[in-house]
Amino acid sequence: MTRRRLLAGGLGALFVAGALIAGAALRDRSPALPARPPSERSELLLLSSLPIVFPEDFSLNSERSPVLAVLEKQYRIVPISVADSKSLSGHDLLLMAQPRAQPAEALVELDRWVRGGGRVAVLADPVLEWPSQRPLGDVLRPAMAFADTGLLGHWGLRLDAPELLGPASFEVEGKLVHTLSPGSLVATGRNCKVEAGRLIARCDVGRGEATVIADADFLDVARRREPTRTSNVRFLADQLQRLRR
């Protein structure tokens with residue numbers, strides 16, 4: 001009987017400790033990055049199929065995206081649904097995070113906007129492993145693969161699917177980023193330079209610039225612990241800041 005009580009007590013203690021750790025992890029949803037003063041926060045257009053601005057279930061009780069929490073410390077976020085001239089006009093920085101396929105006319109207008117001086121960061125994941133409760137084919141489910149309808153090729157890039165699936169890490173400018181099954185990029189023209197083991201490409205497009213990252217799963221930080229969470233989001237913030245200069 002005594003052993004049973006000791007065992008039960010030990011399991012209870014472990015359960016309580018685990019609950020405390022899990023509770024702390026749930027409370028820690030916003031990576032600690034310095035915030036810009038509101039007057040210095042420029043607008044950032046955001047086009048994404050990922051549940052960053054709105055949760056997948058559109059519930060008011062859903063937890064706030066830690067990615068959005070960080071971006072809002074740096075920018076005034078302006079969500080858009082299509083990268084057409086109407087949405088892009090008057091703005092100079094755009095984040096396309098695993099966007100859905102854009103209409104042909106919108107791609108033409110997006111290309112024209114970049115060539116005119118616009119700056120865009122494109123997270124183009126050929127094999128997205130972001131978990132979703134939505135069934136396959138649901139329009140609210142994150143895009144399972146980047147819909148490259150010729151835009152990257154027009155800029156001088158080719159996006160390849162990963163040879164192996166599973167966890168992967170890469171280092172960019174001294175920061176270690178953890179993700180799942182990232183793709184790879186190949187420069188097919190002179191205007192793009194590929195870096196970080198073919199994960200990132202920086203392309204001069206007319207008077208503008210495009211940074212393309214062959215992955216989007218690194219933004220699924222809600223289930224990750226520190227310091228990975230902070231490192232992953234800081235990586236995105238750094239890439240946007242580099243474009244903002």
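Modeller: A strand here is a DSSP run of E with at least two residues, and strands are numbered from the N terminus. The model is predicted. The residue I pick is Val78, which belongs to strand β2. Val78 has a relative accessibility of 23% and therefore counts as partly exposed, since buried means under 20% and exposed means over 50%.

The contacts of Val78 come next. Leaving aside residues up to four places away in sequence, Val78 touches Glu43, Leu44, Leu45 and Leu46. For Leu45, the C-alpha to C-alpha distance from Val78 is 4.8 Å, although 33 residues separate the two in sequence.

Now the sheet. β2 is one of seven strands in an open sheet of mixed pairing, in the order β2-β1-β3-β4-β11-β10-β9. β2 (76-79) and β9 (192-195) are the edge strands; each has a single partner strand, so one side of each lacks a neighbour in the sheet. From one strand to the next, the twist averages 20°.

Helix α4 (residues 104-115) touches β3 (93-97), β4 (119-123), β10 and β11 (208-213), and its direction is at about 140° to that of β3. Helix α6 (residues 228-244) touches β1 (43-48), β3, β4, β9, β10 and β11, with its direction at about 165° to that of β11.

The largest has 32 residues, and Leu95 and Leu219 have the most contacts inside it. At least two residues of this core come from each of β1, α2 (66-74), β3, β4, β6 (167-172) and α6. The biggest contribution is that of α6, with five residues. Leu219 touches Leu50, Ile52, Val67, Leu123, Trp130 and Leu236, again leaving aside residues up to four places away in sequence. There is also a second, separate core of 28 residues, and Ala124, Leu159, Cys203 and Val212 are among them.

How values were computed
Residues numbered from 1 in each chain as written. Predicted model: local features only at pLDDT ≥ 70, side-chain atom pairs only at ≥ 80, totals over all residues. Heavy atoms only, no water. Pairing = 2+ DSSP bridges. Helix = DSSP H or I, 4+ residues; strand = E, 2+ residues; numbered from the N terminus. Axes fitted to C-alpha atoms, helices over the stretch in contact; angles between N-to-C directions. Contact = heavy atoms within 4.5 Å. Core = buried A, V, L, I, M, F, W, Y, C linked by side-chain atoms within 4.5 Å. Buried < 20%, exposed > 50% of the residue type's maximum accessible area, 1.4 Å probe, protein only.
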